[in-house]
Amino acid sequence: DVDAFDEAKAYAADREQFGGPIAEIEAIRHKFAEMATQLQASRLLVREAARKEDAGEDNRIAASMAKYFASEAAVDVTNEAVQIHGGYGYTSEFDVERFYRDSKITTIYEGTSEIQREIVARGVLD
């Protein structure tokens with residue numbers, strides 16, 4: 001979730017620990033690398049499904065891959081944003097708490113992650 005990512009970036013730049021912003025701590029930097037990669041991969045999967053639709057191609061498998069990956073990535077990214085915020089991430093004082101709750105529902109509605117995986121498996125195995 002881009003909003004959670006941006007909120008976490010701003011927080012990490014402002015929050016100081018051990019004499020500097022936590023954005024300078026290697027473990028935090030690696031979290032951002034993973035989050036950014038998941039966001040970009042999600043975008044590319046969605047674009048590929050849209051490209052297939054626009055081209056009149058069968059996009060069912062691509063759409064399920066995009067839905068599955070992007071919804072799971074949203075949960076992962078928002079979870080990391082909450083972690084970066086530490087204890088504040090669990091309070092309603094910061095938006096990342098709401099972003100996490102909002103992202104979790106995307107793995108459930110419009111076809112659960114389990115259903116999306118089954119669609120993809122059928123498409124690649126059958």
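Predicted model: local features only at pLDDT ≥ 70, side-chain atom pairs only at ≥ 80, totals over all residues.

Guide: Tyrosine 11 has a relative accessibility of 11%, so it counts as buried.

Visitor: Why is phenylalanine 5 called buried?
Guide: Buried means under 20% relative accessible area. Phenylalanine 5 has 13% relative accessibility, so it counts as buried.

Visitor: What makes phenylalanine 32 buried?
Guide: The relative accessible area of phenylalanine 32 is 13%, so it is buried.

Visitor: Why is the pair of tyrosine 11 and phenylalanine 94 called edge-to-face?
Guide: Ring centres must lie within 6.5 Å, and planes over 60 degrees apart count as edge-to-face. Here the centres are 5.7 Å apart and the planes are at 85°, so the pair is edge-to-face.

Visitor: Which parts does the pair of tyrosine 11 and phenylalanine 94 tie together?
Guide: Tyrosine 11 is in helix 1, and phenylalanine 94 is in the loop between helix 3 (60–85) and helix 4 (96–105), so the pair ties together parts 83 residues apart in sequence.

Visitor: Why is valine 124 called exposed?
Guide: Exposed means over 50%. Valine 124 has 55% relative accessibility, so it counts as exposed.

Visitor: How do you know that the span of helix 2 agrees with what it should be?
Guide: Helix 2 (residues 26–54) has 29 residues, which at 1.5 Å a residue should span 42 Å; its end C-alpha atoms are 42 Å apart, so the two agree.

Conventions: Residues numbered from 1 in each chain as written. Heavy atoms only, no water. Buried < 20%, exposed > 50% of the residue type's maximum accessible area, 1.4 Å probe, protein only. Helix = DSSP H or I, 4+ residues; strand = E, 2+ residues; numbered from the N terminus. Expected span 1.5 Å × (residues − 1). Phe/Tyr/Trp six-rings, centres within 6.5 Å; stacked < 30°, edge-to-face > 60°.
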